[in-house]
Amino acid sequence: NITVYNQDQLTDDYVLISPFRGNSSFLIDRRGTILQRWSSTETTFMGYLREDGSVVRPVITGVNNGITLGGKTGAIEIIDKNNNQIWKWSLDTATEALHHDISLLPNGNILASVWVVKDRAACIANGRDPNSIVEDRLIIDKVIEIQPVGSGQANIIWEWSLWDHLVQNLDASKLNFGAVSNGNLFDINLSTEGINYTHVNGLNYIPSLHQIVLNSRVLNEF
């Protein structure tokens, strides 16, 4: 369904499209011709193309383990160029769940966003205002590096958690007390939006800087 077509401005590169909550991903040219299609029984958020012609996609498990925030996926799959699902791995429990975006690394591993549940006691001990704790818990963001193994296993070889970089100026008797103006730390009381502290959506890796960039819908920042 191309609505604007200008032959003189066409380029030779391709576009990978994964319709939101669909089952298929498509590689198209600038004329809209479908060159390749990857499909499975999974429902996906997006897809990323690898050099070998396979597509890596975060997929929705549909499992209700108590983390019911919008954007939860719960699993990742790899479909090869012959349309075979060659790997699928899940992280979807009552305390941890994959969500939203992933990013492919040059070493073949996958970065993924994870939500982690912290109970009321842990939140208060770390300086959260007890009056802003909803449902007796807080859900924070973590990033993990996954090394796919076999057809359904994975090694988590690195992680970064928001929980390890907190600050608060509410209670000197609690953990993380300090100056909230510290730009390297996250004020645990900055966000009061429900149970989700930051609600990270996008995730990407910048090879030239060897850095990871996240965006927080709640905190309005990268």
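**Surface patch and salt bridges**

Ile157, Trp158 and Ile212 together form a nonpolar surface patch with about 260 Å² of accessible area (Shrake-Rupley method, 1.4 Å probe, only the protein chains shown counting as cover for residues). Members of a patch have over 30% relative accessible area and no salt bridge; nonpolar side chains (Val, Leu, Ile, Met, Phe, Trp, Tyr) are joined within 5 Å, like charges within 9 Å. The model is predicted: local features need pLDDT of at least 70 and side-chain atom pairs pLDDT 80 or more, while totals for chains, interfaces and linings use all residues. Residues are numbered from 1 along each chain as its sequence is written, and side-chain values use heavy atoms, without hydrogens and water.

Ile212 belongs to strand 15 (residues 211-216); strands are DSSP runs of E with at least two residues, helices runs of H or I with at least four, numbered from the N terminus. Ile212 counts as partly exposed because its relative accessibility is 33%, where buried means under 20%, exposed over 50%, and partly exposed in between.

Ten salt bridges occur in the structure, each a side-chain nitrogen of Lys or Arg within 4 Å of a carboxyl oxygen of Asp or Glu. One of them pairs Glu77 with Arg57 at 2.7 Å, N to O. Glu77 lies in strand 6 (residues 74-79) and Arg57 in strand 5 (residues 55-60), so this pair ties together parts 20 residues apart in sequence. Glu77 is buried at 0% relative accessibility, and Arg57 is buried with a relative accessible area of 0%.

Another salt bridge joins Arg120 and Asp136 (3.5 Å, N to O). Arg120 is partly exposed at 30%, as is Asp136 at 48%.

Notes: Buried means under 20% relative accessible area, exposed over 50%, partly exposed in between (1.4 Å probe, protein chains only).
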